[in-house]
Amino acid sequence: MNTTLSGDTSRLRATVDFVREQDTATLLPLLLPGLDGPELRALAERCAFSHAALLVFPPDGAALGASLAECGLVTDVPPQPSVVVRERLAVRHQRAAAELDVGILRPAVECLDGERRTVEVFALTVPTGSDLEAVATHERKWQHEAHVAFEVDTPDPLVLRGLCATFGQFGAVPDGGGYNPHENGTVFYFTAPTEAKTAYRRVELYVPGDHRDVLDTHLDELRRQQPAEILLRLMTGAWTTQALAVFARLGVAEAMDTERAFSTEELAAKLDVVAPNLATLLRYAAMLGVVSEGYDGFRLTERGGLLRAEAEGSMRALALMYGGPFYESFAGLDHTVRTGEVAFERRFGENHFDHFARDPELAALFDRSMAAGSRMFDPLPAHPVLATAAKGATVVDIAGGNGELLGRILSAHPRLNGILLERPHTVETARNLLGAAGHATRCDFSAGDFADVPAGGDVYVLSRVLHDWDDERCREILRHCARAMPDTADLLVVERVLPADGSPSLATAWDLHMMCNVGGRERTADHYSRLFADAGLTLVGVAPLPLDGNVLHVRPARTSW
């Protein structure tokens, strides 16, 4: 056995001895000096010492098996991929995660207190002569992944937040974590205070299930401490956009299954692509939660299933738009910021409506991409204006696209009729879709522009229209609506409203998108209220929708209350 492998075996044996000799009530005060009395009892009741971990570097599976056997450790299952450790190593050593084959094993240890705990063995395969030997040398010296772990008995979010707060109270500092979809478990890492009376400085809380909402709070402090790492991850956002677009364009989701794993070679043959390159794409997709990676290959996840063309709520078209025309135009964002000119028009020589209209395939893709965000519409048919509308009332959907929203409203309220106003090439698509949904006898179609808003309707809908335009054009559109609306009519405007307090929102991202691609913008509720007033309309109320959407209820200002 070579000296480095022998050293790994010695570290493994020491870890086994540590696990065998410790228990929860003894170990917690060693890690968190000052923890005693009621706080110690409360902590020990809610979490239990479960394992100690180390990272080893075998040249192959046989060598790993020999080290385990020498330390009296037995395992009958093959190593599972370790997502969290692989990502930490990738960031720490500026390596592509796809280069790092990190597996995880948990052989059991019979302990002196009668409990059965485990040694968590992370194994980074380092073939002899590999350039990964430098990684192994560094990791052996600094022991970044060595830690002790406590498993939370009751994975309740309130209990979990309390445990994290107690660790912080006694000097532990957040040190990362993540969700492992292969095991459906969430890990919270801490660094023990310098006063800790054990060689282990990293502590893990392991919680069964998906607790990424609590994990986000836990990581906030860590993110503040690591601005360079966070900035680097943000800079690679374009890679994610393209990876998802390519995943959709190649039909990878259609070639996969959520129940059965596929090898890279099998998928490459089905898709007629290069297997090693596909493997790199799939590993990146695994980081995004689009696929899951196991010892037997890759499986499609529920999230990845949304990239199938025929999936309910499919987002495939959106991935192709963001990774296609809009990706190209965003390269001109600096031009838009410097000059005020629309980057899309500079890239393609015309505005995006005309550009899409002259290419039927692209126009159809755009309409499908708009429908991909249709979850925003889910609560809209229950809006009181629609729920209380009289039998035979008419809903006018202005620039209603392929009829997705109007179809939902007519399905929810069989007593209502509809009119859809759109450009001629889109009207036919909407006619076919609404006809197939059984609404042909209750829906009329009008080909035209905003100046052609049908008069005499009871409820008017403007969904994701106003954000396409500057303020002056918005006033013009709203005046067309106001002229067509009877005094008793209502207008429902669906948009992402910018938070007045600057809190995080998808509306902020879409504000940048609209500026770059159409010359439009998102707006605050007060801004919309002023535009409505300029057109002779009054904002009555604002209600939230999914995906950071909102519905603004508007009526003619001449209506008496």
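I am working with a predicted model, in which local features need pLDDT of at least 70, side-chain atom pairs count only at pLDDT 80 or more, and totals for chains, interfaces and linings use all residues. Residues are numbered from 1 along each chain as its sequence is written, and side-chain values use heavy atoms, with hydrogens and water left out.

Helix pair. I looked up α12 (residues 264-271) and α13 (residues 275-287), whose axes come within 9 Å and cross at roughly 110°; axes are lines fitted to C-alpha atoms, for helices over the stretch in contact, and angles run from 0 to 180 degrees between N-to-C directions. Helices (H or I, at least four residues) and strands (E, at least two) are DSSP runs, numbered from the N terminus. In the contact (heavy atoms within 4.5 Å) I found T264, E265, L267, A268 and L271 of α12 facing A275, L278, A279 and L282 of α13.

Sheet. I then traced an open sheet of 7 strands with mixed pairing, in the order β14-β13-β12-β15-β16-β18-β17; two strands pair if DSSP finds at least two bridges between them. β14 (443-447) and β17 (537-545) are the edge strands, each with a single partner, so one side of each has no neighbour in the sheet. Inside the sheet, β15 (residues 459-463) runs parallel to β16 (residues 490-495), joined by 5 bridges, and S463 stands opposite V494 in β16.
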